[in-house]
Amino acid sequence: MGDVLQLAGAAALGSRFRRLSEKLVAQASEVYKAYNVPMEPSWFPVMYSLMQESPLSVSTIAEITGQSHPFVSKTTAQMKSAGLLVTRPSELDKRMQLLSLSDKALTMQPVLEKQIADIGNALNSALNDVAPDFLEQLGAVENLLSQTSLLGLIKQKATRGFRVIDYSPEHRDAFYQLNKHWIERYFTMESSDHASLGDPENYILKKGGHVLLMQNPDGDICGTVALIAMDDDCYELAKMAVADSEQGQGLGAILGEAAIQKARDTGAKKLYLESNRKLAPAISLYRKLGFKEVDKPTPSPYARCDIQMLLML
């Protein structure tokens, strides 16, 4: 079969970086021994940070190295036990401990600096032979993942070619059918449904509301959401539906986020919605979008409503 992680391609990028890291750490331990530097490879980010500037707090070291606060805290405790760090309270905040290199660490600093230079020269030479742009490309990957998450990248890829558009009369039937299909799957169409779905122009748009639609790469309407004006600073989020064929791609969340942004752009202060507790995925989506359940619900025109939620914009 060969290297299964290479076979998995980009999906195994994290696992390959971990494998590479483990290999480098193991080989770095040999280098430290060869240079008679009594420290663990995992301590290097803290050591190098304090070689550049001192004193520093754990929080500052975590920030400039990009490592987690708990990890840096654990590392500094180990280094302090090894006699490489000393601490003192901050003059500005006595609760904050500042870290500096100990006399022992300062004594070994010249040897460590030579080791760092030797490792850098050796790896730069090797990388120039096999992957000249590796460090630049690694930086690009780090920047990419600092701007968006892996899940975000998956959603972007999954929804590529889909776009949110404004409603126009030619979309009336799609708006009606998508919502009718969704309602009748769980409930029964009510008079309020027929009024709003059959005539969104007069029932929603002319009363100050908005209808947004999701269009798939083929140009077909596959999702809907509406903002129904309630008063000067509040809309009702309603008529959200996604076609069965496009489920599981995060389109509902994209429609919800687009509706929230539309409400903000119009100066609204609140978004209100009504739903039913048995629609667990929908309720979960609303909570992720920031909606919270209303403690004292008001009478609803829909018999199926048993939960009301509010989002402050």
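**Reading the model**

Reply: Lysine 239 counts as buried because its relative accessibility is 9%, where buried means under 20% relative accessible area, exposed over 50% and partly exposed in between, with a 1.4 Å probe and protein chains only. This is a predicted model, in which local features need pLDDT of at least 70, side-chain atom pairs count only at pLDDT 80 or more, and totals for chains, interfaces and linings use all residues. Residues are numbered from 1 along each chain as its sequence is written, and side-chain values use heavy atoms, with hydrogens and water left out.

Me: What is the phi of lysine 239, and where does lysine 239 lie?

Reply: Most residues other than glycine have a negative phi, and most peptide bonds are trans. Lysine 239 has a phi near 55 degrees, a positive value in a residue other than glycine, and lies in strand β7; helices (H or I, at least four residues) and strands (E, at least two) are DSSP runs, numbered from the N terminus.

Me: Is asparagine 36 buried or exposed, and what is its phi?

Reply: Asparagine 36 is exposed, because its relative accessible area is 66%. Its phi is also near 55 degrees and positive, in a residue other than glycine, and its place is in the loop between α2 and α3.

Me: Which peptide bond is cis, with omega near 0 degrees?

Reply: The bond that runs from serine 54 to proline 55 is cis, and proline 55 is placed in the loop between α3 and β1 (56-57).

Me: How far apart are serine 192 and asparagine 36 in sequence and in space?

Reply: They are separated by 156 residues in sequence and by 80 Å in space, C-alpha to C-alpha. Serine 192 is found in helix α10 (residues 191-198) and counts as buried because its relative accessibility is 15%. Leaving aside residues up to four places away in sequence, serine 192 touches Pro301 and Tyr302, a contact being heavy atoms within 4.5 Å.

Me: What radius of gyration does the protein have, and what would a compact globule have?

Reply: The radius of gyration is taken over C-alpha atoms, and the globule rule is 2.2 Å times the number of residues to the power 0.38. For 313 residues a compact globule would be near 20 Å, but the protein has 29 Å, and along its principal axes the C-alpha trace spans about 85 × 55 × 30 Å. The protein holds 13 helices and 10 strands, and 36% of its 313 residues count as buried. Of the contacts between residues at least 6 apart in sequence, 57% join residues at least 24 apart.

Me: How many cavities of 30 Å³ or more does a search of the whole structure find?

Reply: Rolling a probe the size of a water molecule over the atoms shows where empty space is left. On a 1 Å grid over the protein atoms alone, a cavity is a set of points where a 1.4 Å probe fits but cannot get out, whereas a pocket is an open set with protein on both sides within 12 Å along at least five of seven lines, and lining residues have an atom within 4 Å of a point. Grid points are joined across faces, edges and corners, and a volume is the space filled by probe spheres set on the points. The search finds one cavity of 30 Å³ or more, and the largest cavity holds about 60 Å³ of space. Its lining consists of Leu178, His181, Trp182, Arg185, Val242, Ala243, Asp244 and Gln247, with the largest share, four residues, coming from helix α9 (residues 172-186).

Me: What volume does the largest pocket have, and which element gives the most to its lining?

Reply: The largest pocket has a volume of about 2100 Å³. It is lined by 41 residues, and the closest to its centre are Phe17, Leu20, Ser21, Leu24 and Leu138. Helix α2 gives the most to this lining, with 14 residues, and the lining divides into 27 nonpolar, 10 polar and four charged residues; Ala, Val, Leu, Ile, Met, Phe, Trp, Tyr, Cys and Pro count as nonpolar, Asp, Glu, Lys and Arg as charged, and the others, Gly among them, as polar.
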